[in-house]
Amino acid sequence: MTGHGGGDYKDLMVFLAAAGVLVPLFSRFRISPVLGFLAAGVLLGPGGLGRFAEAAPWLRHLTLSDEAQMRQLSELGVAFLLFMIGLEMSWERLRAMRRLVFGLGMLQIGLCAAALTGGFMLLAHASFAGAAVLGMGLALSSTAIVMPVLAERGRLKGLVGRSAFAVLLAQDLSVAPILITVTVLAALAQGGGALDATVLSSALFTLAPAALGLALLVVLGRLVLRPLFRMAARSRKPDRGSELFLAAALLVVVGAGVGAQAAGLSMSLGALIAGVLLAETEFRREVELAIEPFKGLLLGVFFVGVGLGLNLDVVFADPVSVFGMAALITAAKAAIIFNLARVWGLPVRASVETALVLGPAGEFAFVILGAGMVEGLVSPGLAAVVLPAATISMFTIPLMAMIGQKLNVAAAPPPADGVAPAPTPVDPPRQGAVILVGFGRVGRLVGDLLAEHDQRFIALDTDPATVAQARKDGIEAYYGDAGRVEMLALCGIESTRALVVTMDAPTKVDEVVRAARAARDDLIVIARARDDRHAARLYALGVTDAVPETTEASLQLAENTLVDLGVPMGLVLASVHEKREQFRTVFQAAAPAGRARRPNRALRRTPTPSKA
């Protein structure tokens, strides 16, 4: 931004004001925040309030003027989105999805590009090279809008979300080859259509750095990422937040993106690779938690940038052409994607929903069309109509997602014989893993016993060395602070069956119990207590069971003493269990009123006393 003083931050202030006013207003009326940011871009751009700036100069203070900087920030926002998507992936999952990515995804790009190319040649009388650039650019969909919209509607983890992600991943992988193809088409156009050695060598020299850069990103990521975040974990102070992880994550995203750009790839692809590599480490949850707010703000910048790019003068000058082109592009792509999804075995309802959200154009269309205009392949007149049409089609993605989901639900088969399906239980059985907080000597012993009885668990610890050793032993362990509700949510507390706290720091145990109870009131929470007073405090916080170290040690000493003195084992165990239940009854008296007490387990635990 240019200028001095407060003018340097004018665009930032305007953007933050829009994020703080317009987006909550849209959310209040249950309208997608994505539409709020898009509308803010249109309203605050040169085609919105900027149109009246000459009559009212004070309106210039309410408009966004530095489009170049907004574009750079929005590109960073898309990179962060892809990085977060990568954190939820793994090489194994990518291999499992290869049929969708390299089959459905790549075929979608080819067929949509071919159909759109033919359409532009037939209807717009564009040259083959220009039509091909338009077709390839518009064949791609918007990862930056589709993924957040599907996540917002809870569709990301289902069949529709997986299919859409596979196609979008294939599209992201194809950006570099498409840009290379644009360069080849430009060379062919200059050479009169002859594919000589110069053209082939130019394409090879363009592709080689991309392939080399991709390989270097993977190798360097495997070597650097884990030591980098381990260093951040060791330097972290107990009373500090996630600043170090945020700084390290920023370095990784920006570094991987810039490195990918230098190799001729897209910044978002570099960030995606970094996320996939980091997903294999124990720090993925902590990084995801640290970066989430930052990613959301930058994505907002991207959506505002899309709104800024909408040229309302062109829309008002020929609305039929612009809206008609947007409708034709969306309809043609949706029809092709629907049929391909059916060929790949997707159900009709999932195919419809996937086709609708992927039908509109995407953000990479602007990159590819810009390259085509620079090379002289796309005429400015045609681009002036295509770009607003692409932008308007992107505006419809939240609406398409809503329509697709409603059609999906409405098309559900009716119950057989007119019998209504059985109601879903109020408290369905939980199928998730047990969350084991603290994986020192006590935590590892608990984990060994859980594994011995085929009970899946996830370990959480704030010691990077402990987590690294657990992962070497084949245990699903993550670095993270379980005292934060957000961290527990990332570890699946909504579906977990129980949470066990084994840490030896009473204050930290209290924090974890509070966070667990804030996340779920019905969760089984079992915590290690320092002594009887700590146990009573934990019951007051809402634990299901508290195990005080001093009490258990005393009971164990008493048990061993009585057995060594010759008292029959059965009588000893009965008296120990009875004493334990007496202690538990006293501790539970501190539990909040209304919280259900655990049944007295002495009756079912106590063996039959020996008569010897």
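This is a predicted model: local features need pLDDT of at least 70, side-chain atom pairs count only at pLDDT 80 or more; totals for chains, interfaces and linings use all residues.
Residues are numbered from 1 along each chain as its sequence is written, and side-chain values use heavy atoms, leaving out hydrogens and water.

**Whole chain**
- The protein chain has 26 helices and 6 strands (DSSP runs: H or I of at least four residues for helices, E of at least two for strands, numbered from the N terminus).
- Of its 612 residues, 48% are buried, meaning under 20% relative accessible area with a 1.4 Å probe, protein chains only.
- Take the contacts (heavy atoms within 4.5 Å) between residues at least 6 apart in sequence: 73% of them join residues at least 24 apart.

**Around Leu22**
- Leu22 sits in helix H1, which covers residues 10-28.
- Leu35 is 13 residues away from Leu22 along the chain, and their C-alpha atoms are 9.8 Å apart.

**H10 against H11**
- Helix H10 (residues 243-262) packs on helix H11 (residues 267-278) at about 130°, with the axes 7 Å apart; axes are lines fitted to C-alpha atoms over the stretch in contact, and angles run from 0 to 180 degrees between N-to-C directions.
- On the H10 side, the residues include Val252, Ala256 and Ala260, and they meet H11 residues including Met267 and Ala274.

Technical notes:
Buried means under 20% relative accessible area, exposed over 50%, partly exposed in between (1.4 Å probe, protein chains only).
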